[in-house]
Amino acid sequence: MKWTEFFIPTSKESPADAVVPSHKLMIRAGLVRQVCAGAYSYLPLGYRALRKVEAIVREEMNKAGAIELNMPAMHPIELWEQTGRVEAMGDVLVRLGGGTGDDWRSRTVLGPTHEEIITEHAKAYINSYKQLPINLYQIQTKFRGEARPKSGVLRTREFLMKDAYSFHVAKEGPGGLDEGYEKMYNAYRTIFGRCGLPFVPVEADSGPIGGDASHEFMVPTDAGEDYLVESQDKTYAANLERAEVAPLEGSASTGTAELTEVPTPGLATIDDVSEFLNCKPRQMIKTIIFKADEEPLVALVRGDHEVNESKLRRAAGVSSLEQATPDLIEKLTGANVGFAGPVGLECRIIADQAVTLMQDAITGANKTDHHITGVNIGRDFEIKESADIRTAVEGDKAPNGSPLTFKKCIEIGHVFKLGTKYSAALDATCLDSKGKPKPFIMGCYGIGLNRIMAAAIEAFHDDKGITWPMVIAPFQVVICALDTREEEVNTLSQKIHDELEALGIDVLLDDRDARPGFKFKDAELVGFPLRITVGKKGLADGTIDLQIRRSGESEKLPPEAVVPRVKDLVEEAINSERTDL
RNA sequence: CGGGGCGUGGCGCAGUCUGGCAGCGCACCUGGUUUGGGACCAGGAAGUCGCAGGUUCGAAUCCUGUCGCCCCGACCA
């Protein structure tokens, strides 16, 4: 391919709107163009990279025994009503509008994911356990009504996703969900590893969609929105939403201070009260009231800690959990919001592990505009249930005692053990070996392809531009033909181009009539892993320049040595850049 | 949804406070010179100043409404 016959709109300046590196570089290198909030066109160069990611994903999914199909973006809302997800997804579910009443548009949604559709298909066609296990996948455009798209292609309303769904008749044993999950987990490692990404698999929170196990694949980068929590000894990694912490050191004991009620007029926050009473937030007990499965539930954490709702939900063994309304809080405590405390509260209370070590604490008095000091466990109130229900913070340790570190990261893949949530809701069953109908036991497995591409750029760029991994670079090699008016330069450039192309190497010939510096800057911005420079200056002493983008190393070679050397470097990079081996 | 910012040629911006010819840099077109690290000279094309209404002799500029985009937060199967 010749540059002058291709379409690469590079730009020296990045748009003011772009904040994260991948966004800036994707626009400057002419990979994408924004059409509206959360929707991007992939320009030819960007599309090439995306297609390469797609090819790797497809290849590894096929290798893992998954079978590709394609499902529509348009779904009948009825299926979503049956699984209760119209309400659960809320505004995230994109609905066609413009119709009136019950016309087809208002009964149609654009799929954010395909559990409902695939389960319907399984219900229709899979009648016997003998047809199981099976894993069906697609690579398809998804729509989600994200409230706030951001960071370029990292969070969009329309994106390309590989979604796979596995069906099983049992959890354990050959052909069971556990085995299918393991296969996908390993396929994901291979996929991200082949892409050269510095990925970390972590325990994830399976969230309100249910299911009993889940892992996310994270790539550390400041542009991310999630937090990766890792133990220093690298034996533990989890999403911040999920990360468990070891109990703090120390033993419980009762303090000596008298229980004293103090007026705290209008001071309803931890910060206000601690400042007013001249104490530290960590001396206070934060009392948060929830509505859990329609019952009130009180969570106690230290003033400098945050309640982690997913951990609390698991610890409490409830399925729904939401913050209580002011009405409920006032009814329960008899005080305005901000003055709740555990002393004298008649209700299920779960205390965080760290709270059990506190003494002479300060809490709300369950009386508007009052707090109490000198609160002690055992003497002033009982803790019947305690658990790890707070979000990990700097200084915490992993369950094995190794200190935790925190990194921002983006999620590029997610695997779930779904169980029977969808098959049960849609009454999708097959007959087991005893002839009894059983709901399918399911797993689902997603990869955001656009995010792989963006994550690669986040992970691999420098101040000059992108430094693509070899396997997803839109072109593996660029030939900068300097002095394009020299016949020898042109014929030799073209010859090298043709020979590389014949070897199956993706090569772009920069045949523009431009000055050398201009071409080099563009080549570095776009980030071709290898650059061949053919110019009359080099040819004068019979050499051609070959430069490696990432390392900046360059070598001078006689013309006939260039093609074999490039071939070697391409192969070497494909292997050495892998991160899963 | 709450808070903040911004809409002026393809891109980056000035001009808005204090109403009076719509400007600059990059990119683009023509001609010439130039060619191993984003060249130079000369000429040129390109803008309903987001949109609608209002005030005014006159609006990018003032007023009202509205739409869009970005950032922080909330939310995120």
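**Figure 1. Two aromatic residues, Tyr-188 and Phe-192, on one helix of the predicted model.** In this predicted model, Tyr-188 and Phe-192 both belong to helix H6 and stand four residues apart, which is about one turn of the helix. Their rings make an edge-to-face aromatic pair, with 5.7 Å from centre to centre and 80° between the planes. Tyr-188 has a relative accessible area of 0% and therefore counts as buried, since the cut-off for that word is under 20%. Phe-192 also has a relative accessible area of 0%, so this residue is buried as well.

Figure 2. Which residues do ring pairs link into a cluster? The cluster consists of Tyr-185, Tyr-188, Phe-192, Phe-199 and Phe-217, and a search of the whole structure finds eleven aromatic pairs.

**Figure 3. Phe-192 and the largest nonpolar core.** The largest nonpolar core has 66 residues, and among these Leu-31 and Phe-192 touch the most other members. Helix H6 (residues 177–194) gives the most to this core, contributing eight residues. At least three residues of the core come from each of domain 1 (3–73 + 111–243 + 406–457) and domain 4 (475–576). When residues up to four places away in sequence are not counted, Phe-192 touches Leu-197, Phe-199, Phe-217, Ile-412, Gly-413, Ile-447, Ile-452 and Thr-579. As a general background to this view, nonpolar side chains in soluble globular proteins tend to be buried together.

Figure 4. Five strands form an open sheet with mixed pairing, and their order is S28-S27-S29-S30-S31. Strand S28 (507–510) and strand S31 (554–557) are the edge strands, each pairing on one side only. On average, and with direction ignored, neighbouring strands of this sheet are turned by 20° against each other. Helix H13 (residues 516–526) packs on the sheet and touches strand S27 (477–481), S28, S29 and S30, while its direction makes about 170° with that of S27.

Figure 5. Strand S29 (residues 530–534) pairs with strand S30 (residues 544–548) in the antiparallel sense, over four bridges. Which residue in S30 is the bridge partner of Ile-532? The partner is Leu-546.

Figure 6. Ser-423 lies in helix H10 (residues 421–425). Is this residue buried or exposed? Ser-423 counts as buried because its relative accessibility is 0%. Leaving aside neighbours within four places in sequence, Ser-423 is in contact with Thr-119, Ala-428, Pro-439, Phe-440 and Met-442.

Figure 7. Most residues other than glycine have a negative phi, and most peptide bonds are trans, so exceptions to either pattern deserve a careful look. A cis peptide bond, with omega about 0°, joins Leu-132 and Pro-133, and Pro-133 is found in the loop between helix H5 (115–125) and strand S7 (134–143). Ser-151, in the loop between S7 and strand S8 (158–168), is not a glycine but has a positive phi near 55°. Asn-278, in the loop between helix H7 (270–276) and strand S14 (285–292), likewise has a positive phi, of about 55°, although it is not a glycine. Ser-151 is buried, because its relative accessible area is 17%, whereas Asn-278 counts as exposed, because its relative accessibility is 71%.

Figure 8. Chain A contains 15 helices and 31 strands, and its C-alpha trace spans about 95 × 65 × 50 Å along the principal axes. Of the 581 residues in the chain, 51% are buried. Among contacts between residues at least 6 apart in sequence, 71% join residues that are at least 24 apart.

Terms used: Residues numbered from 1 in each chain as written. Chains lettered and ligands numbered in written order. Predicted model: local features only at pLDDT ≥ 70, side-chain atom pairs only at ≥ 80, totals over all residues. Heavy atoms only, no water. Pairing = 2+ DSSP bridges. Axes fitted to C-alpha atoms, helices over the stretch in contact; angles between N-to-C directions. Contact = heavy atoms within 4.5 Å. Core = buried A, V, L, I, M, F, W, Y, C linked by side-chain atoms within 4.5 Å. Buried < 20%, exposed > 50% of the residue type's maximum accessible area, 1.4 Å probe, protein only. Domains from an automatic or database assignment. Phe/Tyr/Trp six-rings, centres within 6.5 Å; stacked < 30°, edge-to-face > 60°.
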